[in-house]
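Subject: Structure handover: pockets, cavities and helix packing

Hello,

Here is the structure I promised to pass on. Please open it alongside this email; my notes follow below it.

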Amino acid sequence: MTVRTVGVEEEFLLVDPATGRPRAVGQAVLAVSAADGPDDDLTAELHREQVETGTKPCHTLHELGAELRSTRATAAGAAADVGVALAPLATSPLAVEPTLSPSGRYEEMARRFGRTVSEELTCGCHVHVAIDSAEEGVAVLDRIRPWLAPLIALSANSPFWLGEDSGYASFRSQVWQRWPSAGPYGAFGSAGAYRTFVDSVLGTATVLDEGMLYLDARLSRQHPTVEVRVADVCREPDDAVLIAALTRALVQTAVDGWQAGDEPDPVRTEVLRLAAWQAGRSGMDGDLLDPPGWRPAPATDVVRRLVEHVRPALEEAGDLDTVHDLLATVLARGTGARRQREVRERTGTLAAVVRDATRP
């Protein structure tokens, strides 16, 4: 078997290293990066208080881990030159009024979507896995739906919002649902049906373009990949490797099932919304909805069943031992959300939470 390539895009906050407050210096950070040499891996995001990195397509998890550390280091270096720090946090713990990045498209989004844009300062982790065709990609989209919520729980890294504990492990995943085209989706059945769906959405004129198709997973417009978009940006690069490894294995498992003639799980989209909400609410510190029965079960049990579901794909890629090790680490120390709350409890300040996240 030829192992599919996998790449990761990560969004980060740019924060004052002393106060922890986000600063609107994204364009200056990009300028510093550009002056150091052409680098397509560092790009602007919706707000000036953030930047996005991207790895190249990788064949092995070791290669991906090295890429993630390299892209983070590059972005952190450019940020430091501007006097700010790079923070792998999916929401800002401290209250902030984000500043729109200069872009005609972003300006139109702000006009059309109002406060959803002005308050949407969130940072995600998007995983791209190679596919051979649109038909294969849609078969993947149809079959990975039941297992996307556990990825939210594993990556949860956004408990604070506007200076308060939100009560959620991943409040980013809740805020993200404010977009009209975001969240879980129904099965499509074929590439033609997927294209019809996309055209139908665009025909409603509620979104600007195909780039605003913010489904939990979609076919990439720019690469021959399935793009899974549910995860928070992870505090630890190894957690991002874990999310990517499980995502690649989900894709391969879905393709294998499709080729064997297995039908997708007929679970309703409304149930998937409940599963995603529960994952965002409790992260790994409570129950998740357990496919296929969709009853509550301890998060650790559900995630272990996810690993069993994709075990053959992990074994074929040579990833099983690494995934076991990375998962054991997360289960022992907790997610980024738990770390943030622990720092807040110990120090009493949200500025300390941000500073803690900026440390290598």
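This is a predicted model: local features need pLDDT of at least 70, side-chain atom pairs count only at pLDDT 80 or more; totals for chains, interfaces and linings use all residues.

**Second largest pocket**

With those classes, the lining of the second largest pocket has 12 nonpolar, one polar and five charged residues. The space in this pocket is about 380 Å³. Its lining numbers 18 residues, and Arg72, Ala357, Thr358, Arg359 and Pro360 are the closest to its centre. Three elements each supply at least two lining residues: α2 (61-81), β4 (85-87) and α15. The largest share, five residues, is from α2.

**Largest pocket**

The largest pocket holds about 950 Å³ of space. A total of 40 residues line it. Which of them lie nearest its centre? They are Glu9, Glu52, Arg218, Gln222 and Glu227.

β1 (6-15), β3 (50-54), β5 (124-130) and β9 (225-232) each give at least two residues. β1 provides the largest share, with five residues. By class, the lining of the largest pocket has 13 nonpolar, 15 polar and 12 charged residues.

**Cavities**

There are five cavities of 30 Å³ or more in the structure.

The largest share is from α10, with three residues. What is the class make-up of the lining of the largest cavity? There are 10 nonpolar residues, no polar ones and two charged ones.

**Helix packing: α14 and α15**

Two helix pairs are worth a look on screen. Helix α14 (residues 336-347) packs on helix α15 (residues 350-358) at an angle of about 130°. Their axes are 8 Å apart. The crossing of α14 past α15 is right-handed.

From α14, the contact uses Arg339, Gln340, Val343, Arg344 and Thr347. From α15, it uses Leu350, Ala352, Val353 and Asp356. By class, this contact has four nonpolar, two polar and three charged residues.

**Helix packing: α5 and α9**

The other pair is helix α5 (residues 134-144) with helix α9 (residues 237-259). The angle here is about 105°, and the axes are 8 Å apart. α5 and α9 are therefore roughly perpendicular to each other.

On the α5 side, the contact is made by Glu135, Glu136, Ala139, Val140, Arg143 and Ile144. On the α9 side, Leu250, Val251, Ala254, Val255, Gly257 and Trp258 take part. The residues of this contact divide into eight nonpolar, one polar and three charged.

Best wishes

Methods. Residues are numbered from 1 along each chain as its sequence is written. Side-chain values use heavy atoms; hydrogens and water are left out. On a 1 Å grid over the protein atoms alone, a cavity is a set of points where a 1.4 Å probe fits but cannot get out, and a pocket is an open set with protein on both sides within 12 Å along at least five of seven lines; lining residues have an atom within 4 Å of a point. Grid points are joined across faces, edges and corners, and a volume is the space filled by probe spheres set on the points. Helices (H or I, at least four residues) and strands (E, at least two) are DSSP runs, numbered from the N terminus. Ala, Val, Leu, Ile, Met, Phe, Trp, Tyr, Cys and Pro count as nonpolar, Asp, Glu, Lys and Arg as charged, and the others, Gly among them, as polar. Axes are lines fitted to C-alpha atoms, for helices over the stretch in contact, and angles run from 0 to 180 degrees between N-to-C directions. A crossing is left-handed if the near helix is turned anticlockwise from the far one by less than a right angle, and right-handed if clockwise. Contact means heavy atoms within 4.5 Å. Angles under 35 degrees count as roughly parallel, over 145 as roughly antiparallel, 65 to 115 as roughly perpendicular and the rest as oblique.
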